[in-house]
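Here are my notes on the ligand site and one of the sheets. Please read them with the model open.

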Amino acid sequence: MFSKILIANRGEIALRIIRACHELGIEAVVVYSEADRDAAYVQLADEAICVGPAPAVKSYLNIPAIISAAELTDVDAIHPGYGFFAENAHFADICNDCGITFIGPDPDSMRQLGDKVAARALAKKAKVPVVPGSEGEIKGEAEAIKLANKIGYPVIVKAAAGGGGRGMRVAHNDISLRKGFIAAKNEAETVFKDGTVYIEKFIVEPRHVEVQLMADKNGNAVHFYERDCTIQRRHQKLIEESPCPVLNEKTREELCKAGLRLIKEAKYHNAATCEFLLDKDNNYYFIEVNTRIQVEHPVSEMVTGQDLIKWQLKIASGEPLTLRQRDIRHKGVAMECRINAEDPTRDYAPCPGPVNEFIVPGGLGVRVDTHLYQGATVSPYYDSMIAKLIVHQPTREEAIATMKRALREFKIGPIKTTIPACLEVLSHNLFVESKVDTSFIERHMG
Ligand code: ADP
């Protein structure tokens, strides 16, 4: 096992990783920007190194500064968290070249699965159903229109390097496809520096269901069941839960096994999530693999009782997965609400600023993952997610009741947050009855 690692991230995930390190007897070094000088994770780490000014490109995305910090503190490994370098194969290559273990998959499997076009091809090879669509890259508008007419509208143009809901355009006819194709390609070029786009059939009113996976370096792999992440706003998840409330046992097992086949085909190791869309008839279609730990991983931790960050650390250090699939039992219902510093009444505009009021909920079955404290300031420079509220109860009905109670207890001010929006979703009949799809927020809320 490692004796000391560096966490190349910030916020709640930095704190989450520090906790796992300390329980495993590992020293945790963090890097921070000038804006995060007073952050809780800086105070709770064993060592902290300032890597630059507030803008992420100058600090958290500054490769020479981060590698220097790792060398200076003589760490064995780097945990990238999620976001920043978590899916950056170039960064993983540099770590390996410097003799520092990257806590994640091999750069090559990251490249293969991170490219959505290549991942689709691999999924087909592993006999995992993919959304009907292009074989590979679509180069021009004419090719796009020809294919769309073959598979039928609506279609969605997606960036091969896409992420975070960017670089996607839905088209209902030739005219909107022509526009959407150019827009998606331009956005892909600007945001991801890779203009490769492809086309999928747009699945109407789907649910988003994903499988949590973990594999070691010896080829052993297990799944931790599924999470339903259907409640999204502009393709960004807001509420996640496990189990998926509409999945039957047979489909659940098939879905989990499909995820396992895919990461085995990729000779993958460490944590991964295989994402699927589920249509009205319970058909599932692969959309992408995330080659990192995800924001919503606590949902799977609560229902299985397994610490996924500890498994990441153990596997990266070369330890085998000692878990067998039959040891991983799914118990009860877990749900997570993302609390973002955003104003739902002003189209979710970011709402940074000082946090003068901060009262955290508690009680049986309540978990809060946050880096905030009373007197802290939410910086305008980074992602607006400031806390994750997770509940675990025997039934979905009880989980919803606990979540509503905990959301009402959670006092964060004077900044605005997504707490009222989460409460609105949880109180909506369609959510309570599990009759939602990915467009729920856009269609049914304010
Ligand atoms: P990203 O990597 O940007 O998160 P994904 O491929 O994971 O992109 O898709 C994000 C979300 O976009 C999905 O959860 C779903 O809501 C929507 N989406 C993606 N592909 C399709 C599709 N073919 N049909 C319908 N919705 C889709």
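1. Start with Gln-232. One of its polar side-chain atoms lies 2.9 Å from an oxygen atom of the ligand. A polar contact here is a pair of N or O atoms within 3.5 Å. The protein covers 95% of the 560 Å² of accessible area that the ligand has on its own; areas follow the Shrake-Rupley method with a 1.4 Å probe.

2. A caution on the source. This is a predicted model, in which local features need pLDDT of at least 70 and side-chain atom pairs pLDDT 80 or more, while totals for chains, interfaces and linings use all residues. Numbering runs from 1 along each chain as its sequence is written, and side-chain values use heavy atoms, without hydrogens and water.

3. Glu-200 places a polar side-chain atom 2.9 Å from a nitrogen atom of the ligand. Lys-201 uses a backbone N or O atom, at 3.0 Å from a nitrogen atom.

4. The shell has 22 residues; Lys-158, Gly-165, Ile-203, His-208 and Glu-288 come nearest. A residue is near if one of its heavy atoms lies within 4 Å. Seven are nonpolar, eight polar and seven charged, with Gly counted as polar.

5. Where does the ligand lie relative to domain 2 (132-201) and domain 3 (207-444)? Both give residues to the shell, so the ligand lies between them. The bounds come from an automatic or database domain assignment.

6. β6 (155-159), β8 (197-201), β12 (270-278) and β13 (284-290) each supply at least two shell residues. Strands are DSSP runs (E, at least two residues), numbered from the N terminus.

Notes. Polar contact = N/O pair within 3.5 Å; in protein donor to acceptor, adjacent residues only side chain to side chain. Helix = DSSP H or I, 4+ residues; strand = E, 2+ residues; numbered from the N terminus.
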